[in-house]
Amino acid sequence: MYPDDLSRSSTESQRLLRSSSFEIDDLEATGLEAAGPRNKYTNGSANGQSRWNKSFKQSPPWRQPRCIWIALAVAVVLILGSLMIIQKSNIVEQIRASPEESPKEDHSIPPPPMPQPPPPTVPEMDKFQKPAEFKVIGLIFYGRPATVGILDCYLRKNLVTNGGFLDEVHYVVNTDRKQDIKYLDKLIKTEKLFKKVMLPELGYNSVWKHSVEPEHMYIKIDDDMVFFDDNAIANLVYSKLHHPDSFNVIANLVNSPETGWLHYHFGAIHSYLPETVAPPKDTDAAALGPKAWRASALPIWNESGEMSFPVTMDKSDDGSVLEKDRPEAPPFKGHRWLPLPEPEKNIYKTPMSKTEYNPYGPDWKSWALAAQVHYSLLENIEKNQLHLYHYGTSSPSSSEGIWDMAFARMNINFMAIWGKDVLDNIPFDGPDDEHELSVNIPTKLNRPVLVNTHAVAAHFSFRTQHELYDTDLLSRYRAYANEMICPKGHQIPIPKGK
């Protein structure tokens, strides 16, 4: 509508009003016939109004209702006309204010306020510092010198004197071999924060009973841990404090049945198969030998046989070794595993394609699955892609990834636990401390076992995987530690003949 329309509407209303007035005047004239002639100058005046009232009172009764209805009709016309004028005026003002675009009403609903997270138990990980209220003690179940030499470098790097979280390291002697104990005695003398703990009797009940105190937090570490990332211990301490209801917090273990299945499906495992023919003696030192650890220096697998390797499914769990003539046995002592061509396509032909989320499945029994996950880890270390292991839930501002084991069995090769939580549940109901600390006690107390997936750590072998010692993996982990981890003056000796 435009202003011209408003003028036409107003004129129309006035015409209707005059028409109604003429009808009333006709009635008036009819009622005043006996009163004499009408004065043309008194129409609409006070005198005229008086004559209208008089004529209305003198008119016959049948005419009075008709007059009322006419008056009501006139009032309705006036009201409607006024409303139309007001509405059209508003439209005109809107057109003048925005001639190109009609105004739009805002029908959007304001978003509800975001829920605020509860105050964190501890500062977020990027601001987290070592707590001073209690000791963090490394608890090493000792018995295998071959791998302790590698572990020693990581422990030294994580001491408080080197900027780490470990106030002390306690080696709990769980062996009666004199030669192994003699090796430990020599190691203890090299660091004042190292301590040897002797047991009145062997066994896991005795280990826990005589090696922990209630007020300290312990990082229990198996003596065959051959790698853990720089922030692994800090991450475990952080998560144990950040989740105080947890019974323990375990590292994201490389070579563990449950986490191995997850690593495979999250893309952290790569395509490898063993070489079946020994390489020439003049092979490049970066690909073979005491200083070799980088996957990028390995040749591509190019065997004449079928691209596959059988997986042991019926091996005994008593620690026995496969007979050399079995197809699942290692091809030769000191062999390597080599990357496959078209790795994404051929990973389904590798041992890890048989992985299961099962604590007693092929990941626990097969040395071949273990070899593949270790070579994959070394590749991921070289490529700086440990993030491939980072899965699980976390708070929006923290860097932890949490996987709840939901009271299923989990390996405890590397975990954080309060001394009090152990001592309150000693003695265990059985000899298997792993089952007690990951299943029975947490279930009884309804306290979860959590995995911090950002704390990546490599466990070398189970007793069912002794064949791993026929690969060159131990040499590769030793070479990496000597180059990247071990402090000067504490290089790992290279065994003779290597």
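## A salt bridge to start with

Arg409 sits in the loop between β9 (402–404) and β10, while Asp432 sits in the loop between α12 (419–423) and α13, so the pair ties together parts that are 23 residues apart in sequence. Why is Arg409 called buried? Its relative accessibility is 15%, and the word buried applies because that value is under the 20% cut-off. Asp432, with a relative accessible area of 30%, is partly exposed.

Please keep in mind as you look around that this is a predicted model.

## The chain as a whole

Now step back from that pair. The chain has 498 residues, and 48% of them are buried. Its secondary structure consists of 14 helices and 11 strands.

How do contacts run along the sequence? Take the contacts between residues at least 6 apart in sequence: 80% of these join residues at least 24 apart.

Helix α13 covers residues 433–445, and its buried residues are Asp433, Glu434, Glu436, Leu437, Ser438, Val439, Ile441 and Pro442. As you trace them, here is a handy idea: an α-helix has 3.6 residues a turn, so residues three or four places apart point the same way.

What covers the buried residues of α13? The cover includes the strands β1 (136–142), β6 (248–254), β10 (414–418) and β11 (449–459), together with helix α6 (204–209). After α13 comes Asn446, which has a positive phi, near 55°.

Arg447 lies in the loop between α13 and β11. Is Arg447 buried or exposed? Arg447 is buried, with a relative accessible area of 18%.

Leaving aside residues up to four places away in sequence, Arg447 touches Lys240, Pro244, Asp245, Ser246, Phe247, Phe407, Asp421 and Pro442. With one of these, Asp421, there is a polar contact between side chains, at 3.1 Å. Pro442, another residue on that list, is one of the buried residues of α13.

## More charged pairs

Side chains of opposite charge can pair when their charged atoms come close. How many salt bridges are there in this model? The count comes to 21. One of them joins Asp222 and Lys220, with 2.6 Å from N to O, and both Asp222 and Lys220 are buried. Lys220 also lies over the face of the Phe141 ring, 4.8 Å from the ring centre.

In another salt bridge, Glu328 meets Arg326, with the closest N and O atoms 2.6 Å apart. Glu328 is buried, at a relative accessible area of 9%, whereas Arg326 is partly exposed at 25%. Salt bridges can also be linked up: Arg144, Asp223 and Asp224 form a network of them.

## Rings that meet

There are 21 aromatic pairs in the structure. One to look for is Phe460 with Tyr469, which is edge-to-face: the ring centres are 5.2 Å apart and there is 65° between the planes. Phe460 has 0% relative accessibility and counts as buried, but Tyr469, at 25%, is partly exposed.

Which residues do ring pairs link into a cluster? Tyr154, Phe227, Phe228, Trp293, Phe414 and Tyr480 are joined in this way.

## A disulfide across the sequence

The structure holds 1 disulfide. It joins Cys153 to Cys486, with an S to S distance of 1.9 Å. The link between Cys153 and Cys486 is right-handed, with 95° about the S-S bond.

Where do these two cysteines lie in the chain? Cys153 is in helix α4 (residues 145–157), and Cys486 is in the segment after α14 (473–484). They are 333 residues apart, and the pair links distant parts of the chain. Both Cys153 and Cys486 are buried.

Methods: Residues are numbered from 1 along each chain as its sequence is written. This is a predicted model: local features need pLDDT of at least 70, side-chain atom pairs count only at pLDDT 80 or more; totals for chains, interfaces and linings use all residues. Side-chain values use heavy atoms; hydrogens and water are left out. Rings of Phe, Tyr and Trp (its six-membered ring) pair if their centres lie within 6.5 Å; planes under 30 degrees apart count as stacked, over 60 as edge-to-face and the rest as tilted. Buried means under 20% relative accessible area, exposed over 50%, partly exposed in between (1.4 Å probe, protein chains only). A charge sits over a ring if NZ of Lys or CZ of Arg is within 6 Å of the ring centre and within 35 degrees of the ring normal. Helices (H or I, at least four residues) and strands (E, at least two) are DSSP runs, numbered from the N terminus. Contact means heavy atoms within 4.5 Å. A salt bridge is a side-chain nitrogen of Lys or Arg within 4 Å of a carboxyl oxygen of Asp or Glu. A disulfide is a pair of cysteine sulfur atoms within 2.5 Å. A polar contact is a pair of N or O atoms within 3.5 Å; within protein, one must be able to donate a hydrogen and the other to accept it, and residues adjacent in sequence count only if both atoms are side-chain atoms.
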